[in-house]
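Okay, thanks for coming, everyone. Let's walk through this model together, and keep the picture up while I talk.

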Protein chains: 2
Amino acid sequence: MDLNTVKKRYEQELYEKVIPFWEEHCIDKEYGGYFTSLDRDGSVYDTEKYMWMQWRIVYMFAKFAVANGGKKEWIDIAKKGYDFLYAHGKSPDGTYYFALNRQGVPSVAPYNIFSDCFAAMGAAALFKATGEEKYRDEANSAMRSYVSRMDNPKGRWEKGMSGKAKRLSHGQFMMLANLAYEMRTCLGSNEFDSSAQDAVEAVVGRFWNPEMRILFENINPEGPAFDLNSCEGRMVNPGHGLESMWFMLQHAEQTGDKELIAKAADIIKGIFEFGTDREFGGIYYFMDALRKPHLELQWDMKLWWPHCEALIACIFAYRLTKEQWFLDKFEEIDKWTWDHFRDPEDPEWYAYLNRRGEPTHTLKGGKWKTFFHLPRCLFTVADQIAKI
Amino acid sequence: MDLNTVKKRYEQELYEKVIPFWEEHCIDKEYGGYFTSLDRDGSVYDTEKYMWMQWRIVYMFAKFAVANGGKKEWIDIAKKGYDFLYAHGKSPDGTYYFALNRQGVPSVAPYNIFSDCFAAMGAAALFKATGEEKYRDEANSAMRSYVSRMDNPKGRWEKGMSGKAKRLSHGQFMMLANLAYEMRTCLGSNEFDSSAQDAVEAVVGRFWNPEMRILFENINPEGPAFDLNSCEGRMVNPGHGLESMWFMLQHAEQTGDKELIAKAADIIKGIFEFGTDREFGGIYYFMDALRKPHLELQWDMKLWWPHCEALIACIFAYRLTKEQWFLDKFEEIDKWTWDHFRDPEDPEWYAYLNRRGEPTHTLKGGKWKTFFHLPRCLFTVADQIAKI
């Protein structure tokens, strides 16, 4: 596999197909903010403004604007989105709503801390791109909100009661590691470094089960970590695990932690061993650690984002370890992903395939897909190759 | 199609396969209540006690205990479940929790009014089977709780805010019609008759769009009923519609409303025209009224319950209208359903198939499947045939 050719292919897809699609279709010129529910051809099929999706667009355009190959005018797209979200998206206690309607009136309460997470990332990237203080202030405010809510993330919307087992959630820890990295690189802030170090140690030390070679999504905070008697305890999300592992590699590289590089590389192998569909190819969405029935109906579907994260994890691990295994795996996943998710006719990629790899939805963006995983993957893979 | 042979097949499946499976595997002898997360062979893969699933078991065993072909000893199964649910499942304000852990400690808050709905049905069926006053009291209490919560069903767990469009939900109305029928036939109560009449008129008069020939799940309470600009407004659930339509037929027969019979029969045809998968057979789970992308990843899966409800709707409509169309459709759905959902080796049926009709899960019961839709279908189809 000629990595230079791969790099060109990823860059071309990013700059000639994916970015132009979102530039053309996502901007709501009438009310501000973005449309993310975009059908195959870019037409809008719903106007709800989901906060995760909105802030991730701010983040990506701000990042790309100042990257090699980027255009300064993209800062303006990010800034206009920011203005809308800052003006309408913040609740009185400083947390971010989950969704707004098209006009910017809150439609879904701030029950989810990842709204704050992506607000922090978006604002931090805008500070990095512009140097304007207000973005740094907002990044710090959203980031502190995220950290302060980790123990009780749903607040008054929590439906769990005393009979519900207490769990630690892998997603919160992996995101903290990545958020701290963003705060360091965008704001030059070391405020979250020690929490990030703790989060990293928890992910590889507590969520990873070395005997089973499985990374769990939910563990017990006390006593034996792994609950194999409940669906929740057995929940595995291979794509989440792969995303988490490149966050670990990023952290390890920045902190010069060679042991962590080896550990994360080994976990990546474990995730692929368990999470690969050996019959139809690709990576499962959800799994049960004991292969018992999964709560989620769509567990065997193939989603774009786990494949995007898988590609980053492979190429990142290859660059840091130089092990051929990771390049071979990159080649395998690259082929399956481009063959199945890429729309050969219209720009941008499909989100949802059935287990066989056939698209089940024509959408290019929606409640859970925006200008984020795919462009980040295209950019990061090219960037990693450049560093090899 | 020889209906007597069909009747025998349904009764055999019910009394020789499905009921014995649940009798054998669902009873938690240690703590009370039921296990519903049962794998293919009946083994328990999770012990959470979801209230909808629990109360539906009470309802079905109480019903079958006093039906032709039933066994009196089933009352005891229902009573023991009732005792556990009554003792542990009720919150201080009289609403029912969404879930308990195995020991009976509340694990998920009472944010969902269908817990009250199924409690009312279970208690009412137990009153009918035993004549014991306490069950009537509980049925009335749960039923009044359901009705009183219809305007604000999630209460303090409501995440929707002012920017969210107000909707009327088809599910609440169709269930009210069925609940009132159960209260009439089990308790001899006419307390809910006029609300049921209003609900029936709303379902066929407001949720049904006669121009598009589509039954909508969510409509606007004021102004134009149908919102074709949002995913929520365009949401269609064919199985729900078919279940609703046999509730309408039940209501129409009891009230002698011939116009309603004709209307419901026509709507059933519309639902099949729109909801049938013409490539692989069976009925889609969710659809978009304009065939735009659906919010739900699993929209094209085939679930057991829409097919069970389709069978009842067809045979019920055939009995009341004698139109050959409904018998032909029954034959088509009967074949597809038995060919694909029935497990040829172990008793009880699969819940979840992919679009092609291949099982994606081995489970026979879970968070959303219990001793309810399948046994109710087997019983009701046989019962309808007996009345032809």
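Let me start with one side chain: at 28% relative accessibility, B:D383 counts as partly exposed. For these labels, buried means under 20% relative accessible area, exposed means over 50%, and partly exposed is in between, using a 1.4 Å probe and protein chains only.

Quick housekeeping. This is a predicted model, so local features need pLDDT of at least 70 and side-chain atom pairs count only at pLDDT 80 or more, while totals for chains, interfaces and linings use all residues. Residues are numbered from 1 along each chain as its sequence is written, chains are lettered from A and ligands numbered from 1 in the order in which they are written, and side-chain values use heavy atoms, with hydrogens and water left out.

Back to B:D383. Which residue does B:D383 form a salt bridge with? The partner is B:K387, and the closest N and O atoms are 3.1 Å apart. A salt bridge here is a side-chain nitrogen of Lys or Arg within 4 Å of a carboxyl oxygen of Asp or Glu. Both B:D383 and B:K387 sit in helix 13 (residues 373–387) of chain B, 4 residues apart, which is about one turn of the helix. When I say helix or strand, I'm going by DSSP runs numbered from the N terminus: H or I with at least four residues for helices, E with at least two for strands.

How many salt bridges are there over all chains? By this rule, the count is 72. One of them joins the side chains of A:K164 and A:E232, at 3.1 Å from N to O. A:K164 is in the loop between helix 5 (133–149) and strand 6 (168–169) of chain A, and A:E232 is in helix 8 (residues 231–234) of chain A, so this pair ties together parts that are 68 residues apart in sequence. A:K164 is partly exposed, with a relative accessible area of 32%, and A:E232 is partly exposed too, at 24%.

Here's another pair: A:E279 and A:R355, with their closest N and O atoms 3.4 Å apart. This one also links distant parts of the chain, 76 residues apart: A:E279 is in the loop between helix 10 (258–275) and strand 11 (287–288) of chain A, and A:R355 is in the loop between strand 13 (352–353) and helix 13 (373–387) of chain A. Is A:E279 buried or exposed? At 60% relative accessibility, A:E279 counts as exposed, whereas A:R355, at 22%, counts as partly exposed.

Now, helix packing. Two packed helices are described by the angle between their axes and the distance between the axes. The axes are lines fitted to C-alpha atoms, for helices over the stretch in contact, and angles run from 0 to 180 degrees between N-to-C directions.

Take helix 4 (residues 114–130) and helix 6 (residues 170–187) of chain A: they pack at an angle of about 15°, with axes 9 Å apart. That makes helix 4 of chain A roughly parallel to helix 6 of chain A. The cut-offs are under 35 degrees for roughly parallel, over 145 for roughly antiparallel, 65 to 115 for roughly perpendicular, and oblique for the rest. The contact includes A:F114, A:F118 and A:M121 from helix 4 of chain A, and A:M175, A:L179 and A:M183 from helix 6 of chain A. Contact means heavy atoms within 4.5 Å.

Helix 4 of chain A has another partner, helix 2 (residues 51–65) of chain A: their axes come within 8 Å and cross at roughly 20°. Helix 2 and helix 4 of chain A are therefore roughly parallel to each other. Among the residues making this contact are A:W52, A:W55 and A:Y59 of helix 2 of chain A, with A:F114, A:F118 and A:L126 of helix 4 of chain A.

Last stop, a few single residues. B:N140 is in helix 5 (residues 133–149) of chain B, and at 11% relative accessibility B:N140 counts as buried. Leaving aside its neighbours within four places in sequence, B:N140 touches B:L187, B:E191 and B:F192.

B:G94 lies in the loop between helix 3 (74–88) and strand 4 (99–100) of chain B, and B:G94 is buried, at 18%. B:G94 and B:S145 are 51 residues apart in sequence and 7.4 Å apart in space, C-alpha to C-alpha.
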